[in-house]
Each structure stands twice: as C-alpha cells, then as structure tokens.
Amino acid sequence: QVQLVESGGGLVQAGGSLRLSCAASGSIFFINDGGWYRQAPGKQRELVATITNGGSTNYADSVKGRFTISRDSAKKTVYLRMNSLKPEDTAVYYCNAETYNGGYWGQGTQVTVSS
C-alpha cells in the first residue's frame, strides 16, 4: 500500500546535519519529479526543494545554501541532505513523487532541531 517510504528523520542539535531518504516501492516505475515538503504545527505545508527528472533543482529561500536535494533514479530514491540545521527547520518532512501514473506522498518523517 505504501508507495513512498521515508527515513532519516530524528533529533539533531542546531548546526548539525541529517539526510532524508524517500524510496519508491516497486509499483512506482520511475519518479519523474521529486520533492520535499515540510509542515510545522499550525502552519501550511510548504515546499522545501524539488528536483526534476533531468536533475534541475529548486529550493525555498529559507533552505537555499543549506539543503541539497538529489536523486538516484536507478534506486528510485530521492534524498534531502540538510546541513546547518536551525530550530526553525523543525517540522514533519514529506517527500513527493510525480510519476507517469500520478503523484504520491510519503508518510512523513519528523525532524526536530534543538537549540
């Protein structure tokens, strides 16, 4: 049933790093465009980063220069490397995959950055 499986979230000290992974199940043949979104309590879900099939990336201004989105098409996996984490990065992070048969969301993984 689960199409995208997220991992890598957790608790980290400010200034630290985490890498999130989003792996597509076998029922997803190919990720066309991948992305990461986050949602903090009481706030709307917001775009963090996207990556196209060709590898073009886009970042929210708040994470530009600190986060890096990447992909391994052979593994059908999208990654989000998060460096220089700040407490305001604390949120549930969701991956998204646009495929030829529609869009999918991961289950969400909690990222908590302590001061």
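Colleague: Which residues does Ala-91 touch, leaving out those up to four places away in sequence?

Modeller: This is a predicted model, and in it Ala-91 touches Arg-38, Gln-39 and Ala-40, together with Thr-109, Gln-110 and Val-111, once residues up to four places away in sequence are not counted.

Colleague: And where is Ala-91 placed, and is Ala-91 buried or exposed?

Modeller: Ala-91 has its place in strand S9, and because the cut-off for buried is under 20% relative accessible area, its 4% relative accessibility makes Ala-91 count as buried.

Colleague: How many Å apart in space are Ala-91 and Ile-51?

Modeller: From C-alpha to C-alpha, Ala-91 and Ile-51 are 20 Å apart, while in sequence they are 40 residues apart.

Colleague: Switching to disulfides, how many does the structure hold, and which residues are joined?

Modeller: The structure holds one disulfide, which joins Cys-22 to Cys-95 with an S to S distance of 2.1 Å. The link of Cys-22 and Cys-95 is right-handed, with 60 degrees about the S-S bond.

Colleague: Now the open sheet of four strands: what is the order?

Modeller: The order is S1-S3-S8-S7, and the pairing is antiparallel. Strand S1 (4-7) and strand S7 (67-72) stand at the edges with a single partner strand each, so each has one side left without a neighbour in the sheet. On average, and with direction ignored, neighbouring strands of this sheet are turned by 15 degrees against each other.

Colleague: How many bridges join S7 to S8?

Modeller: Six bridges join S7 to strand S8 (residues 77-82), and the two run antiparallel; one example is Thr-68, whose bridge partner in S8 is Arg-81.

Colleague: Last topic, backbone angles. What is phi of Lys-76, and what is phi of Ser-84?

Modeller: Phi of Lys-76 is near 50 degrees, a positive value in a residue other than glycine, and phi of Ser-84 is also near 50 degrees, again positive in a residue that is not glycine.

Definitions and conventions: Residues are numbered from 1 along each chain as its sequence is written. This is a predicted model: local features need pLDDT of at least 70, side-chain atom pairs count only at pLDDT 80 or more; totals for chains, interfaces and linings use all residues. Side-chain values use heavy atoms; hydrogens and water are left out. A disulfide is a pair of cysteine sulfur atoms within 2.5 Å. Two strands pair if DSSP finds at least two bridges between them. Axes are lines fitted to C-alpha atoms, for helices over the stretch in contact, and angles run from 0 to 180 degrees between N-to-C directions. Buried means under 20% relative accessible area, exposed over 50%, partly exposed in between (1.4 Å probe, protein chains only). Contact means heavy atoms within 4.5 Å.
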